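Please keep the viewer open while you read.

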Amino acid sequence: MSSPAHGLFDTAPADDWRDGYLCGNGRHGAVVHGDSVVVTHHDLVLPDPLSGVEPPLLAPRLEAMRDALLAGDQERAVRLFGGDWEPRFVQRFHPGFAVRIRRPDAAPAEGFRRTVDFATGVVAAEWTDAAGRWRSECFVSRADDVVVQRLVAPEGAGVKAEIGVDGRLPGVPEELRAAVRSVYRPAQVPAAEGGGARDEALLRLRARYPGSELGYRGAVRILAPGGAVRCDGPRVHVLGAPEVLLLTRVARGPVGPVDGDPARLDTGMYELPQGHAELLERHLAAHRPAYQRVTLDLGADPAERARPVAELLARQEADPSAVQPALLEALFAAGRYHLLSASGHRPPRLCGLWTGDWDTAWGGAFTTNANLNLQLASAAVADLPEAVHALAALVADQLPDWRTNAARLFGTRGVVAPAHTDGANGLQYHFNHSWAHHLWTAGADWLLHPLLEHAETTGEAVDWLASALGEVAEFYQDFLTRTGPDGAPVLVPSYSPENHPVDPATGAPLPGAASVNATMDLAAARHALAAAARRTADPDAAAAWRTLAERLPGYAVNADGALAEWAWPGHRDGYDHRHVSHLYPVWPLHAITPEDTPELADAARRALRLRGDENHSGHGHLHRALAAARLDEPALLARPLAHLLGDGFWYRSLMSSHYPGREAYNADVAHALPGVLIEALVRSTPEEDGRPARLVLLPAPVAGLERGVLRGVRTRFGATVEELAWDGERVSVTLRAPAERRFELRVVPGGKPAEPVRLTAGAARTLVFPLV
């Protein structure tokens, strides 16, 4: 079996599910490892009676809390405003079940090879035994929403196998009640009653959560044409079939008695295409074009590309500073593939769409104050609208809860987004005095920003985006009622995730995280008000929102010359922290740029240099790398990139870990790394508020990548970079736009001044510049 052009291969099975190859359609997921395929679904969360509650009614205490905080009495402010609230945790994401195919007469195998083909979404394995060459395959259909498995016997042989469903995966609650039953297809007549040989059966699983009416149901349709099947309680036996096809779905909802009539999830299962070729063809029509829209070729040696991924990872960890083009190509391709596969019904969770046990780190939630947006860093520019649409679906479902948050916490109109959600609701209940997520007002602007980027890059806006931005603006109109000594509005209370300001007098962190004028909150307020004003059809509202945005205080530079995390004299920066939320004006916004605000850009660079790595969380390295690229700072990008590549963040599946040393399965690094590489190669800004559209080439080139070709990237002014190519001597770019576009273009390594460029509608234009 040849290696796929875009994919991975390994010569050893995945003994641990974390190394299993992945596939998914944004609703169902599959982890393929050993003889198991673990089936997941975005909706599978373990009920928690303490979750899903409305936030406490704190609005009546708001003014007293503000008085205390502005007077410097943080302890009293914390006590007044949620200090006694016991945090409720989100419902935990969990796997559905494993589908296992066991061959009791299997002979010792040789020549094992497993692959995942990113362009097709097919995970496959081949091996040889005494009977000949075997092949197994798995993909999750983007067209038919079903997990498709196939086992193909050697020519002239037949499959003899036992197929079962295992719901007792590691960490499963002891109280979970589950039952599995095998049944013949209803339309078939058993042989004992005069019918023909049975070649099809169904496995049904019903599981009920502890103390709940809810649970989940699974169905595995087993087709063995040319062979025979036998149902045996919770198992199906297959004999003599040249190949076996398995079609699997899982769904969450009320399940009724577990030991009653078998739970039915077979509605629609028998209407699916029965042939593997047709199922695959229908899937490829949706998956392949999406994956292939953007590609990165770093000119890696073909011999390096031919190495197993485990070998590339081991070599990178042995010398973290030596960038391997072949590995970066694989990581870029894998990141796009995994992000696409995890996005659809919902955007990616902390673990993407995959887990093999019930002890998912941080509940497998959507953490919205950093992680989710970082995972979507490349969604708009790398032309994955599937991921943006998935975020839009999540936000649209939760907007009513965001209104509840605003009303109960602050007594305002408009919306306030939560810092954590399991996808079932958008209520803000996960906080306490130290983790003061309820004081974070930037969340709505932060989560709507990828939708704005999508509108900039494609010209297609979500139909409710303007009204949602209007609700964010209305929140700030009602919230910004206090002013500081200079007469400017004050954001109080405020919060910089997940950091505490330092007391200037003692040098120690303040006892709580409640603060004033966190830079992220200031940036979000200013951006949301301006963005809403540009999109509303109400001229009076637009004028009011613009005026309020202009009155907000500017960003502060602290005594160290760094962009301050809080623009308030009572707070001092603490630098050793994983988050860099105060760089929100740099990334993802363009409020601070080297071209438009050079002094603030210098302060942001200083902030990056002073920032510590704290616990080396992957999202912190990613955020710093993205900001460095926006600031034209390759040296500042190189440090976090070296950590991400060489500190053991990667499993053999090229899914990633939250911490070094493969400590916690987490998709942040895997999904966000393509965004880092794109930002290092292409930076674009839209025409906005009198600022021209801009395209910057090679703003932060990665040392060691002497040549390459990036294709298909979208710009934020509506043009497509059909090809960006560079080597040691020159850089060329070919651009195309559906309508006329004018912008400024600058090439960083050549030191060439910005020059105006015009694109005519529909015509490609190629520009070539020397690199000196």
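A crossing is called left-handed if the near helix is turned anticlockwise from the far one by less than a right angle, and right-handed if clockwise. Helices (H or I, at least four residues) and strands (E, at least two) are DSSP runs, numbered from the N terminus. Before using these terms, a word on the model itself. It is predicted, so local features need pLDDT of at least 70 and side-chain atom pairs count only at pLDDT 80 or more, while totals for chains, interfaces and linings use all residues. Residues are numbered from 1 along each chain as its sequence is written, and side-chain values use heavy atoms, with hydrogens and water left out.

**Helix pairs**

Helix H8 (residues 385-410) and helix H9 (residues 443-458) cross in a left-handed way. On the H8 side, the contact (heavy atoms within 4.5 Å) involves Pro385, Val388, His389, Leu391, Ala392, Val395 and Trp402. H9 contributes Ala444, Leu447, Leu448, Pro450, Leu451 and His454.

The crossing of H6 and H16 is left-handed too. Residues of H6 that meet H16 include Leu328, Phe332, Arg336 and Leu339, and among their counterparts in H16 are His671, Leu673, Pro674 and Leu677. The table sets out the packing of each pair; axes are lines fitted to C-alpha atoms over the stretch in contact, and angles run from 0 to 180 degrees between N-to-C directions.

| Helix pair | Angle | Axis separation |
|---|---|---|
| H6 (residues 325-342) and H16 (residues 668-681) | about 125 degrees | 7 Å |
| H8 (residues 385-410) and H9 (residues 443-458) | about 145 degrees | 10 Å |

Angles under 35 degrees count as roughly parallel, over 145 as roughly antiparallel, 65 to 115 as roughly perpendicular and the rest as oblique. H6 and H16 are therefore oblique to each other.

**Paired strands**

Two strands pair if DSSP finds at least two bridges between them. Strand S8 (residues 110-117) is antiparallel to strand S1 (residues 7-10), with four bridges joining them. S8 also pairs with strand S9 (residues 122-129), again antiparallel, over six bridges. Aspartate 117 takes part on both sides: glycine 7 stands opposite aspartate 117, and valine 122 is the bridge partner of aspartate 117 in S9. Four residues lie between the strands of the S8 and S9 hairpin, where glycine 121 has a positive phi near 75 degrees.

Three antiparallel bridges link S24 to strand S19 (residues 295-297), with threonine 295 partnered by arginine 711. Another three bridges join S24 to strand S26 (residues 720-726), also antiparallel, and here glycine 708 faces tryptophan 726.

How exposed is aspartate 232? Its relative accessible area is 29%, so aspartate 232 is partly exposed (buried means under 20%, exposed over 50%, partly exposed in between, with a 1.4 Å probe and protein chains only). This residue lies in strand S16 (residues 228-232). The side chains of aspartate 232 and histidine 237 make a polar contact of 3.3 Å; the term means a pair of N or O atoms within 3.5 Å, where within protein one must be able to donate a hydrogen and the other to accept it, and residues adjacent in sequence count only if both atoms are side-chain atoms.

Threonine 367, in strand S20 (residues 366-367), counts as buried because its relative accessibility is 6%. The side chain of threonine 367 makes a polar contact of 3.2 Å with that of histidine 420.
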